[in-house]
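Biologist: I am new to this structure. Can you show me how to read it, one feature at a time?

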Amino acid sequence: QAKQAGKDRYQLFDIQLEAEIRQKQQSLREITQGLDASEFVLFYQPKINMQTCAFEGAEALIRWQHPERGLLSPAAFLPVTEGHQLELRLGAWVLRQALAQMQAWHDMGFDCPLSINISAQQIQHPEFAQALKTLLDTYPEVPKQMLQLEILETSALADIESVTPILQQCRALGVSLALDDFGTGYSSLAYLKRLPIDCLKIDQSFVRDMLQDSDDLSIIQGILSLARAFHLHVIAEGVETAAHGRQLLQLGCHLGQGYGIARPMPADQLSAWVHNDLPNLCLT
Ligand code: C2E
Ligand code: MG
Ligand code: MG
Ligand code: MG
């Protein structure tokens, strides 16, 4: 009888596993269809210098305008694509879309520094830098220094031997590189020294709790000293309130991004935000 129960359990696992696989394949099909139907959009979240109130640029963040489920955030669809061909297809779409947007802004006299999130599979792909070059060549009017690639600290470290030369090739093209969600990946000092990067993005989890949690405050101070030692720029993400902004300024972190400054917005709202809303934000 025990044997039979064990067998039944295995069958149950089989059925569950099969259902999960079918569900995943269904999701991948839907995302592919959404891509073919142009349902994906990029939103843009401003980055500012909190001391001078200068506009520093924006980060492109993908959204899925789903016909039935409404506007979906990346957490609802990016994880499904991980490790699949679709991750690369979506990543290529994001890059193309972002460059086209930079060109459109350039045409209206608004040269906007833009950072783009690059997935682990994208940055580990040996042809990545060549594909980026081809794309940049398509938009010769877009200043290459205005493009920044954000790479997760964890994906840069996952395979540092193969990623480092790719990062070097990207940098040789004139684009800059930031380590995203910095502080969550336990970069050793030796790694930081070797990675050809320009900027550290302090993970929002540290910023969120810095006012209550002295450990988080210390981590931020540590990241700021690292940045100084290695001559890197540093930006804080997740700046939700004026109190966060003031504390960061006191610590010497001038660049910020977060809901307290602006939420991610559609492309056609960004230049109006820079001209109308940013000046008011900084009166206070
Ligand atoms: P990330 O690159 O670290 O982006 C910051 C995320 O925090 C964004 O979430 C942004 O909307 C959100 N955020 C900004 N300010 C605040 C704040 O003050 N408080 C809080 N609680 N959240 C804030 P989003 O757009 O949902 O993106 C989540 C993650 O998905 C991104 O984290 C990035 O890792 C990934 N992602 C987004 N777009 C792309 C993309 O085009 N390609 C790739 N590979 N990944 C992307
Ligand atoms: Mg990012
Ligand atoms: Mg981040
Ligand atoms: Mg993140």
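Modeller: We will go through strands, metal sites and a ligand in turn. This is a predicted model, where local features need pLDDT of at least 70, side-chain atom pairs count only at pLDDT 80 or more, and totals for chains, interfaces and linings use all residues. Residues are numbered from 1 along each chain as its sequence is written, chains are lettered from A and ligands numbered from 1 in the order in which they are written, and side-chain values use heavy atoms, with hydrogens and water left out.

Biologist: Which way do the side chains of strand β7 point?

Modeller: In a regular strand, side chains alternate between the two faces of the sheet. Strands are DSSP runs of E, at least two residues; helices are runs of H or I, at least four; both are numbered from the N terminus. Strand β7 covers residues 199-202. C199 and K201 point one way, L200 and I202 the other. All are buried. Buried means under 20% relative accessible area, exposed over 50%, partly exposed in between, with a 1.4 Å probe and protein chains only.

Biologist: What are the pairing partners of β7?

Modeller: Two strands pair if DSSP finds at least two bridges between them. Strand β6 (residues 176-182) pairs with β7 in the parallel sense, over three bridges. F182 has I202 as its bridge partner in β7. Between β6 and β7 the chain passes through helix α8 (residues 189-194), and this β-α-β crossover is right-handed. Right-handed means that, with the strands pointing away from the viewer, the path from the first strand over the helix to the second runs clockwise. On to β8 (residues 233-237): four bridges join this strand to β7, and the two run parallel. C199 stands opposite H233 there.

Biologist: How far apart are the two magnesium ions?

Modeller: They are 4.2 Å apart, and D180 coordinates both.

Biologist: Which residues come nearest to ligand 1?

Modeller: A residue is near a molecule or strand if one of its heavy atoms lies within 4 Å of it. Ligand 1 has 21 residues around it, and R63, N117, Q204, E240 and Y259 come nearest. A polar contact is a pair of N or O atoms within 3.5 Å; within protein, one must be able to donate a hydrogen and the other to accept it, and residues adjacent in sequence count only if both atoms are side-chain atoms. A polar side-chain atom of R63 is 2.8 Å from an oxygen atom of ligand 1.

Methods. Donors are N, O and S atoms within 2.8 Å of the metal (3.2 Å for Na, K and Ca); water is not among the atoms, so sites may look incomplete.
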